[in-house]
Amino acid sequence: MKKIRILHSNDIHADFFSNEEDGHSDILSLECAILSHKNENTLYFIAGDVLTGSMIDMEYKGISSFELLNSLAPDLMCVGNHEFDYGPAWPLLLEKVADFPLVCANAYIQGTSKRLFKPYQIFTLNGLTLLVIGLLTDSTEFKLKQQKSDHLIDIKEASNIEVEKVLSLPELKEMDIDLTICLTHLGHKEDVELAKSLKEKSGIDIIIGGHSHTLMNEPILENGILIVQAGSGADHLGCFDIIVNEENNNIEEFTWKLLNTSDYMV
């Protein structure tokens, strides 16, 4: 049995500054919450939408937001729809600013089978091998149409088909994966529908979501898959403690809690 911890947030929307009147947290409080719950067997994921929400972000077209995000030392981020707000190719520039990888399995260069980003990331943590697949809402097409650039990028529906495409990649079939996570920017309802659409014993263990800003008190279980989301902004941080049986690749035990980062305001 091996224990790991996964911290996660979503939909920060460049909202890095505090508001003392309503107790709104800042990036330093989020960082303190992360550091307080981080150990050597911890990963920190972001489920999309770092951009759009402040004048500074608009002035520097998200570059300042990603530079601030680097201070949080995330291990992985799924691309969100607002990462395309400054143009269809802009997320590729932001990827260069980031000190961490970006993933998305269902965004393609139109007319080709070539993805814009890596579809997955592999982690080795406490002797376990983790596979994390990124998925983006196909409502991103609306933003691309507004920019008259929808003919450049094709966002496929984030369905069981796209997940199975990744799971069937030859290099993954040869690996012994202990835990598989979908890091999504789809919305809570869509995460549930995705879980329902997957084959029984698909291999997906957890869906960590974003986009709908859903503030959850506890995970839900759908088709054997745990689904969580941590609200939005810098105010909340999800904390998942998971015990994995590496012999049968099953989750034996877990606890999940939603942390209020205002408790860590400095």
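Phe45 has Leu76 in S3 as its bridge partner. This is a predicted model: local features need pLDDT of at least 70, side-chain atom pairs count only at pLDDT 80 or more, and totals for chains, interfaces and linings use all residues. Residues are numbered from 1 along each chain as its sequence is written, and side-chain values use heavy atoms, without hydrogens and water.

S2 and strand S3 (residues 76–78) run parallel, joined by two bridges. Strand S1 (residues 2–9) also pairs with S2 in the parallel sense, over five bridges. There, Ser9 has Ile46 of S2 as its bridge partner. Strands are DSSP runs of E, at least two residues, and helices are runs of H or I, at least four, numbered from the N terminus. Two strands pair if DSSP finds at least two bridges between them.

## Burial of S2

Five of the five residues of strand S2 (residues 42–46) are buried, so the rest of the structure largely encloses this strand. Buried means under 20% relative accessible area (1.4 Å probe, protein chains only). Thr42, Tyr44 and Ile46 lie on one side. Leu43 and Phe45 lie on the other.

S6 and strand S7 (residues 128–136) are antiparallel over six bridges. Gln121 stands opposite Val132 in S7.

How values were computed: Buried means under 20% relative accessible area, exposed over 50%, partly exposed in between (1.4 Å probe, protein chains only).
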